[in-house]
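Subject: Structure for you to look at

Hi,

Here is the structure I promised. Please open it next to this email and follow along.

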Amino acid sequence: MARVLLDGYVPDASRPSAVGRAAVPSVSPVFSVTRGVSVVPDSALKSRSATPRTSYPDPDPDAVLDLAGVTVTRSGNDLLHEIDWQVREDERWVVLGPNGAGKTTLLSVAAARLHPTRGRVAILGEQLGKVDVFELRPRIGLSSASLAERIPADETVADVVVTAAYAVVGRFTEQYDGLDADRGRSLLAQFGVEHLAPRLYGTLSEGERKRVQIARALMTDPEVLMLDEPAAGLDLGGREDLVHRLSVLASDPASPALVLVTHHVEEIPPGITHALLLRQGKVVAAGPLDEALTAQTLSSTFGLALRLDRVDGRYAARAL
């Protein structure tokens, strides 16, 4: 039987299978779970349930994030479809997928910035629809392109970070004490940009802005940190510096739970523990990193036969 990837792609069966090489994914007729890893067959990715769920299990009180049956529909199209996902306090997740897979939409739901069309969302023990999101959001550290666009170009770097204490963008009449200023400086130092504190945000390079945005996201000492494509637009040096700093953060047991969204396996920092792979708004695989992120699942996610290598805790992928 032909071994088929998504969209009918048929890989060359003559290519050898080896460690780090995609043993070409076969289409399974059933949903499979292996050692805690959920893997969805290609046929399920292409289908949409005609009878969506109307009831959901109670949220796990020990989970930082607990999503059940989450669907987001716009103009008749599902941007997310029946997503089930749990994140625990000591876990660091990467969310991978191609453009249009639903990664940013998923993060917007998880960060209490977007309500789903259907499904149940519990964040830090609070259920969306039953909690004041303006009280919940300060407990969530978020760095995203949409938030970055709202930062005034004439704001000083120090104020960009410290205003997160009031969950506002742009300093107005609010007052900050010495502890706030000290924490802001400490976070800027953690990401190597403390010398930029008096500079105007609009004068920074893209790499400098990314690091300032992450420092801002940590200002409130959040219980979960969510980073939407933090390395996007960076050159090689900027990317490697950021990946190193994120690795230090992810490896620190005192750090909050972490969710990092990216298109590229090369941007996964050492210290990440779990992976969720998305395609067409549905989960391809989810679970512990070593088991969920393989050449097979990555190939299915991107609709292309891929080789996946890992050296010194860093990943690299290329087409076969």
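This is a predicted model: local features need pLDDT of at least 70, side-chain atom pairs count only at pLDDT 80 or more; totals for chains, interfaces and linings use all residues.

Which residues of H8 are buried? They are Leu242, Val243, Leu246, Ser247, Leu249 and Ala250. Seen down the axis of H8, the buried residues fall within an arc of 160°, so they line one face of the helix. The general rule behind such a pattern is that an α-helix has 3.6 residues a turn, so residues three or four places apart point the same way.

At 1.5 Å a residue, its 16 residues should span 22 Å, and the end C-alpha atoms are 22 Å apart, which agrees. Aspartate 235 caps the N-terminal end of H8. One of its side-chain oxygens sits 3.3 Å from the backbone nitrogen of glycine 237.

**Salt bridges**

How many salt bridges does the structure hold? There are 12. Here are some of them.

Aspartate 60 pairs with arginine 88, with 2.5 Å between the closest N and O atoms. Aspartate 60 lies in the loop between helix H1 (42–46) and S3, while arginine 88 is in strand S4, so the pair ties together parts that are 28 residues apart in sequence. Arginine 88 has 29% relative accessibility and counts as partly exposed.

Arginine 120 forms a salt bridge with aspartate 66, and the closest N and O atoms are 3.2 Å apart. This pair links distant parts of the chain: arginine 120 is in strand S6 and aspartate 66 is in strand S3, 54 residues apart. Are the two partners buried or exposed? Arginine 120 is buried, with a relative accessible area of 5%. Aspartate 66 is buried as well, at 4% relative accessibility.

Arginine 239 forms a salt bridge with glutamate 240, at 3.0 Å between the closest N and O atoms. Arginine 239 is partly exposed, with a relative accessible area of 22%. Glutamate 240 is also partly exposed, at 29%.

**The four-stranded sheet**

Now look at the open sheet of 4 strands. Its order is S4-S3-S6-S7, with antiparallel pairing. Which strands are at the edges? They are S4 and strand S7 (126–127), each of which pairs on one side only. S3 and S4 pair in the antiparallel sense over 8 bridges. Arginine 74 stands opposite asparagine 77 in S4.

Serine 75 lies in the loop between strand S3 (63–74) and strand S4 (77–88). Its phi is near 55°, a positive value in a residue other than glycine. Serine 75 is exposed, with a relative accessible area of 79%.

Alanine 112 also has a positive phi in a residue other than glycine, near 65°. Alanine 112 lies in the loop between helix H2 (103–110) and strand S6 (118–123). Is alanine 112 buried or exposed? Alanine 112 is buried, at 1% relative accessibility.

Strand S11 (residues 274–279) and S12 pair in the antiparallel sense over 6 bridges. The bridge partner of leucine 278 is valine 283 in S12. The hairpin has 2 residues between its strands, and glutamine 280 takes a positive phi near 55° there. Strand S12 (residues 282–288) is mostly covered, with 6 of its 7 residues buried.

**Helix H10**

Helix H10 (residues 295–302) is mostly covered as well: 6 of its 8 residues are buried. The buried residues are Ala295, Thr297, Leu298, Ser299, Ser300 and Thr301. Just after H10, glycine 303 takes a positive phi of about 65°.

Best wishes

Notes. Residues are numbered from 1 along each chain as its sequence is written. Side-chain values use heavy atoms; hydrogens and water are left out. Buried means under 20% relative accessible area, exposed over 50%, partly exposed in between (1.4 Å probe, protein chains only). Two strands pair if DSSP finds at least two bridges between them. The expected span of a helix is 1.5 Å times one less than its number of residues. The arc is that of the directions from the helix axis to the C-beta atoms. A polar contact is a pair of N or O atoms within 3.5 Å; within protein, one must be able to donate a hydrogen and the other to accept it, and residues adjacent in sequence count only if both atoms are side-chain atoms. A salt bridge is a side-chain nitrogen of Lys or Arg within 4 Å of a carboxyl oxygen of Asp or Glu.
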